Amino acid sequence: MTDAARLLDGPRGPKPTRRLSRRNIILYGTLSVMALYYALPLYVMVVTSLKGMPEIRMGNIFAPPVEITFEPWVKAWSEACTGINCDGLSRGFWNSVQILVPSVILSIAVASVNGYALSKWRFPGSEVFFTILMIGVFIPYQVMIYPIVILLRELGLYGSLWGLVLVHTIFGMPLLTLLFRNYFTSVPDELFKAARVDGAGFWGIYFRIMLPMALPILVVAMILQVTGIWNDFLFGVIYTKPEIYPMTVQLNNIVNSVQGVKEYNVNMAATLLTGLVPLTIYFISGKLFVRGIAAGAVKG
Amino acid sequence: MHSVSIRSLDLHFGAVKVLQNLDLDIHDGEFLVLLGSSGCGKSTLLNCIAGLLDVTDGQIFIKDRNVTWMEPSERGIGMVFQSYALYPQMTVEGNLSFGLKNARMPRAEIDERVARAARILQIEPLLKRKPGALSGGQRQRVAIGRALVRDVDVFLFDEPLSNLDAKLRADLRVEIKRLHQKLSNTMIYVTHDQVEAMTLADRIAIMKGGQIMQLATPAEIYNRPGNKYVADFIGSPSMNFLEGDLSDGHFTTGGENLDITGYPFEGPATGAATLGVRPEHVATGHDLQGLPIQAEVAVELVEPMGSDTLVWTTFAGQSFRFRMDGQAEVRERDTIRIGIDPAKASFFDKASELRL
Amino acid sequence: MHSVSIRSLDLHFGAVKVLQNLDLDIHDGEFLVLLGSSGCGKSTLLNCIAGLLDVTDGQIFIKDRNVTWMEPSERGIGMVFQSYALYPQMTVEGNLSFGLKNARMPRAEIDERVARAARILQIEPLLKRKPGALSGGQRQRVAIGRALVRDVDVFLFDEPLSNLDAKLRADLRVEIKRLHQKLSNTMIYVTHDQVEAMTLADRIAIMKGGQIMQLATPAEIYNRPGNKYVADFIGSPSMNFLEGDLSDGHFTTGGENLDITGYPFEGPATGAATLGVRPEHVATGHDLQGLPIQAEVAVELVEPMGSDTLVWTTFAGQSFRFRMDGQAEVRERDTIRIGIDPAKASFFDKASELRL
Amino acid sequence: MRTTDTPPALREDSSRPPNPLFRNLTAKLASLPMVLTALVVFVGCTGWTIVHSFTGSKLLPKLKWVGFDQYEKLWNTRRWLVSIENLALYGIFSLCFTLVIGFTLAALLDRKIRFEAAFRTIFLYPFALSFIVTGLVWQWILNPDLGIQSVVRSMGFTSFEFDPLYNASIVIYGLLIAGLWQGTGFVMVIMLAGLRGIDEDVWKAARVDGIPVWKTYVRVIIPMMRPVFITALVVITSGIIKVYDLVVAMTAGGPGIASEVPAKYVYDRMFSSQNLGQGFAASTMMLLAVVVVLIPWAYLEFGGKKHD
Amino acid sequence: ADLEVTHWWTSGGEAAAVAEFAKAFNEGTEHNWVDGAIAGSGGTARPIIVSRILGGDPMGATQLNHGRQAEELVEAGLMMDLTEIAEAEGWKDVVNPPSLLDACTLDGRIYCAPINIHSWQWMWLSHKAYEDAGLDVPQNWDEFVASAPQLAEAGKIPLAVGGQAWQSNGAFGVMSIAIAGIDAWTDVFVNKNEETVMGPEYTKVFEAAAVARELSKDTKVQDWNQATNLVITGQAGAQIMGDWAQGEFAVAGQVAGEDYTCLPGLGANEVIDTGGDAFYFPVNDDPEITAAQKELASILMSKEAQVAFNLKKGSLPVRGDVDLSAANDCMKKGLKILADGGTVPSGDMALSRDILDELEDLLTEFWSDHSYSPEDAQKAYAEIISRAE
Ligand SMILES: Nc1ncnc2c1ncn2[C@@H]1O[C@H](COP(=O)(O)OP(=O)(O)OP(=O)(O)O)[C@@H](O)[C@H]1O
Ligand SMILES: Nc1ncnc2c1ncn2[C@@H]1O[C@H](COP(=O)(O)OP(=O)(O)OP(=O)(O)O)[C@@H](O)[C@H]1O
Ligand SMILES: [Mg+2]
Ligand SMILES: [Mg+2]
């Protein structure tokens, strides 16, 4: 097939690249420096939470613990005091779970239906409501505290778990609706039409066709909501009562009430314990998160 | 009885008038192809028939029932989409039975119908697979099956082949044709590929700007295009057009005076007009004999296409192409003698562009 | 001098060997088309030539310079992509001049080159527009222009037409051909559309699984395909194949014994073999005269395609198609007499699938 | 051209178009939560707030009209002015840095590097933590007696000064360090997703043109990522406007009033000073600012052309 | 019944004190104290408390500073009327000074139970710090200012002031009474006379504040008790802080007079202001809860609970008739001043919260911004006072 199918003099094969090329040094150098900035606080938290108070007072905060102690963790979990209750974070953990599960489910359910309706069942005015929601993203929610108190009171939901779930659903709605809307817009219209020809109605298409396809964006929505709701302090404390105060209330109490000296190690342990649920989710589902964002956030 | 009748259909998207006062009757068992360039409103029309778009004005009848305001699933239509739109998370069986389940049909009957459709389409071994694991052709069959199980009167196809590569497209075209012969339902088929239109259609409706330009059999459209747009649109490479003037049996163009006896004029045969000649109707060699129009032309470009060769020249001062046998030996800058049979040509009025 | 030479090229993606020991010489000023089905490695080869992929082994020469390790911009190549990859936020002028500015060419020379390219490609009125405001054809010209201004030796095209609709595709094909005649640079053109390949190429390299199956002129590939894969791949509708046995001037297939005198065998003419006949080489009517192979067949399906008609039948127990004139009057269930000229047929070895 | 067999007139027919209100009724019913949220919560509550900003409400909302008094007072309050200035500063810096860092990280991660998943996780995890936590840990790291300053000093650089949380002139940067730490990861993910969506061919075209990588990013890729930047912008700005928790957790507005922000002003006036009217007036101003910024943008984005 | 009690007493001494109430309540009745502590300051807790009351799901009892804070809630009929119990138990006769009960009274009805007297007027001095610097412990403000440079030389922070705004504000308040004198102070706070602010007495106050600002500039802590901790550990010489600081000294096991010295009114004007906390009881339609609320109210005012609570909290009891022999030095000083009638009303009661917060903003800015001249601050202060109603 060639006049002379043999190798000639000169370079052949892959272009030689030095592993320590300037490009790589800059690339990995920058990344590592940045990674240091991002990882440092976590490192400080972990290290501090494993030190005893004397060691904290003496040494610098970046030094690894000389003597590892799990005392602060135990204390943060089950002994730290808030007012007269000294049972640590454990009090709020199950409350947080109880708040989290229905809130995440309901907020995602509502937002996904919104997004679905906005992308596939547009009706006159639907975009207007969507625009209002999007402006809602920018309203500082402190402003809403009293009106919502009044609203919940009128609904008879004030102080109950469901009132809080409703609040989370409302405040999660703008961003999640945006994500779902963008995602469902990218689902081919033809699929939707095919299902209509097949006689499926609004809910039939939603449950049988759209939801099963929405996995990537569901993951994103779930991650965002779990993080947001788990970390929420203000709503949890304003719209409920002590029996169902979330874990963050205890965290706030531990962190913000100082008994003599600040027990940094206990604070850090409490912080880590509180962040454990969202952190775990991030560490596990990072890849899905990126993929889902690509599917839902970038277009539209 | 008409299978589908459309009366004074208007469809506007806001200010954009996509369909305007469109009327159309489709016979029972007919294979009608809607052909037109992109954006001319073919899909829109199909969606109106299917009930997926609310019409702005007008009426739609299917089997003489006014379905204008019915739900898609109640109209007795089945639809096959460009990308097939199979439900990706359901098996083939699930895809086929979805519509029936929605209609709350008894389990036993669903099974029977799915089995029957699978048999007709020869997809029995695939029933448990998901669409992702099917080839393009198999997917198409499933998509058709989805309409088939629902025992519909009218099949609607929206460019079901345009996503496929040339080879598969040719195969599936034949399959659809065979299926139509077997089922003899009414089929309305949207495409912008004229080969598809020509091979499949009983009648073709050529659309432009939301209106139907010509509705006729493929042969009629090919041989006697109703206006210049249709003439230009149909045929590849497309028709040669020569601008000139008609007067008593002669056509003057670019300084040449052509004798056009033999052309069957339907109306007045004078005034500014356009002569259309298909590249494949230009004669060379032996076939020249007896043709009233003949000329020597210089070859400018040769496009060999395997079975034939396309030759680009200038005739009467205008760009002109013709087709020769693939084995013909022509070179650029050769001179070649060509001839035109007026009986195979078309004349169009210059102003209205309608066939004369 | 060769314009591009490739020596023992290997390219692996991890464990996947995409190109294997590939050799190829491309002449100066040649229009070479790389043709092959999806995934066969065409784009990969093109990217290797362009320097966009690091080769695993082997050498690449452009104008006899070893460019294996050079940067794409230093190789003297210009590339036109399937999606054109125009810089969407720059004007046409910006798109054309971006590379030159970057090479710190003096302003005056940039302007001159852009003006020249715009003139050649006839895009002068578009210079101030952004790509979003251009039609498909105009975009392509800008993409070509981007290579043109850089005064490159070799143009590389990666399926530049496959995103377009049929009509535009046909027009642009001609433009590219004209451009090649005007510029007479070397052009390497990737496609999986054989019409494009046949009309454009000086030579075609047919690829399969990372290897070149045949490298020859379009006529040679059409008339004397080097193996069964090429034979099947080229031609639409594709070649008819009949399985059978060769022995002393006869071919036995499906109970029929065919006289094949006149076939120019290159090697041994015995053993299990496949006979390939193009649908357009099957004779009917007058042309039957004197053909050694003749038979009566029943018409099963007729596909009118405007200028010709494709007829489906069964011959020697195997599915068989042939092409007739578009004006021919055939109906389903008619019986028709067909003939085959062995000189126009191809034989392939059953095992190796190579041409006999 | 004749396209029908019978004269193309409308036929007599009893079926009339249904009332448009009831077409796709389920879809409308299903959108009810959204409609109610939009109308009752976002419009209703906002309206309620605006109305009450013209009252002299103290601890409890009351319709005791005082005209524009609250606004007059608001704009005469030093702390409000400082808050606005801080928000502007923090906003601009945070916006720029988040975009730059987020994009840079995404671009670096997109260069087909090793350990991409690990780097990505490290950059993203702070997003999982609340501002209480962010504030706490950074307050500690930035504490001059315990954190970076003391460590650097203990290494011998005794004159090293780094106490952003206790120095009014740089406290905003202290907040920024923590805010960026928490928020850039998410923006990076958005950017990364955007970069992954860019046609590979554009990169190749730029290489063939001989454009250096950095220039390709600046001149070609970034302009192409407009929608991504808009998404990121929405996420970042909505975060900036609401920045409250971070300030409370890190500085409580201090030292002095050097790190006060409008949201905190609103909150403090409403709940600490028991001057709801004043708080409502301040939040109305915030809303006004948002609307003033958003409306031209929304007009440009959605008004001109209809997409999707 | 379970009675939820909301408060923001979460520091060591505070929590121990609250525990005394809870114990008394749990043991003295068949009801149960459910603790609803919210850490942070009143700023965090107050919206929660108000929301709960507005939302129709109130707690059983809640801490609020008395004064004008709850006035509107009372007016809106959301707070329980305690007049009956108060009359039955003769609160009027036992509460001293009577102004405390007045603060709970609206239109002749009593709506809250005052539980302690807090005064801001204290300076706490660390013996250890002075010993380290080889100095005598100062006995008044002027001595303290004089000793400051040497203290600083010894590596001590002369004056510890936490970063939170209310601390610098409070310190200023203490200094204004101590330095400007009670008359000037009253003229400003009660009569809202801005001219007095511009007068010579207040000029001195602002100058002193500028000095104090200089002395405190090395305090790098936020919370008040961290600042107290600096005094306890001898890292700082002194802190101006209310009597609640005493709870921290107690928790740290320090003894007044031995380990630390307390100077009421900066040792210049020995007065104390009589702010304090009170408990409010939101109206509840559950009769069982209402009964529990009443019982809690009377327990809070009981002698035993008052003693136990205030000993832990370091504040003074609201009853004049309790035996506080167990009290330490400082507390006794306070009691003595109280008995002598050396009291001024708390600023909380004199000015609206709104104005107080404006003053606080001003002072915290002044305190942190060393380029803010005392003259300018004085003018701004006068301007705010001129707007007070
Ligand atoms: N939702 C819509 N809003 C506004 N205009 C629309 C909408 N959908 C379609 N159109 C316009 O209506 C016209 C017809 O569209 P239609 O989809 O029917 O074309 P088509 O003939 O099917 O084209 P194609 O061959 O590209 O599928 C187009 O000009 C299109 O821009
Ligand atoms: N980055 C990659 N990693 C692994 N495999 C790859 C990669 N890029 C391409 N391939 C594989 O290499 C083979 C050849 O790809 P290539 O893109 O060259 O095909 P092609 O002939 O251009 O096909 P098409 O007509 O679809 O463009 C394919 O099988 C493809 O899956
Ligand atoms: Mg269409
Ligand atoms: Mg390719």
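Predicted model: local features only at pLDDT ≥ 70, side-chain atom pairs only at ≥ 80, totals over all residues.
The residues in the shell around ligand 1 fall into three nonpolar, six polar and two charged. The members of the shell are F13(B), V18(B), S38(B), G39(B), C40(B), G41(B), K42(B), S43(B), T44(B), E159(B) and H192(B). Helix 1 of chain B, which spans residues 42-50, supplies the largest share of this shell, with three residues.

Several polar atoms of chain B lie close enough to ligand 1 to be listed individually. For G39(B), a backbone N or O atom is found 2.8 Å from an oxygen atom of the ligand. With K42(B), the side chain takes part instead: one of its polar atoms lies 2.9 Å from an oxygen atom of ligand 1. E159(B) also contributes through its side chain, where an N or O atom is 3.0 Å from an oxygen atom of ligand 1. Taken alone, ligand 1 exposes 640 Å², and the protein buries 57% of that area.

Attention now turns to chain C and its ligand. Ligand 2 is surrounded by F13(C), V18(C), S38(C), G39(C), C40(C), G41(C), K42(C), S43(C), T44(C), E159(C) and H192(C). By class, three of these shell residues are nonpolar, six are polar and two are charged. The element that gives the most to the shell is helix 1 of chain C (residues 42-50), again with three residues.

C40(C) takes part through its backbone, with a polar atom 3.2 Å from an oxygen atom of ligand 2. On its own, ligand 2 has 640 Å² of accessible area, of which the protein covers 58%.

Two elements of chain D, helix 1 (25-30) and helix 2 (32-52), each give two or more residues to the patch. The largest share, five residues, comes from helix 2. L36(D) counts as partly exposed because its relative accessibility is 46%, a value between the limits of 20% and 50%.

H2(B) belongs to strand 1 of chain B, which covers residues 2-13. H2(B) is classed as buried because its relative accessible area is 14%, under the 20% limit. Along the chain, H2(B) and A272(B) are 270 residues apart, and their C-alpha atoms are separated by 41 Å.

K182(C), in turn, sits in helix 5 of chain C (residues 166-183). With a relative accessible area of 54%, K182(C) is exposed, since the value is over 50%. K182(C) and I120(C) are 62 residues apart in sequence, and the distance between them in space is 8.9 Å from C-alpha to C-alpha.

Note on methods. Residues numbered from 1 in each chain as written. Chains lettered and ligands numbered in written order. Heavy atoms only, no water. Near = heavy atom within 4 Å. Polar contact = N/O pair within 3.5 Å; in protein donor to acceptor, adjacent residues only side chain to side chain. Areas by Shrake-Rupley, 256 points an atom, 1.4 Å probe, with all protein chains shown as cover. Helix = DSSP H or I, 4+ residues; strand = E, 2+ residues; numbered from the N terminus. Nonpolar A, V, L, I, M, F, W, Y, C, P; charged D, E, K, R; others polar. Buried < 20%, exposed > 50% of the residue type's maximum accessible area, 1.4 Å probe, protein only.
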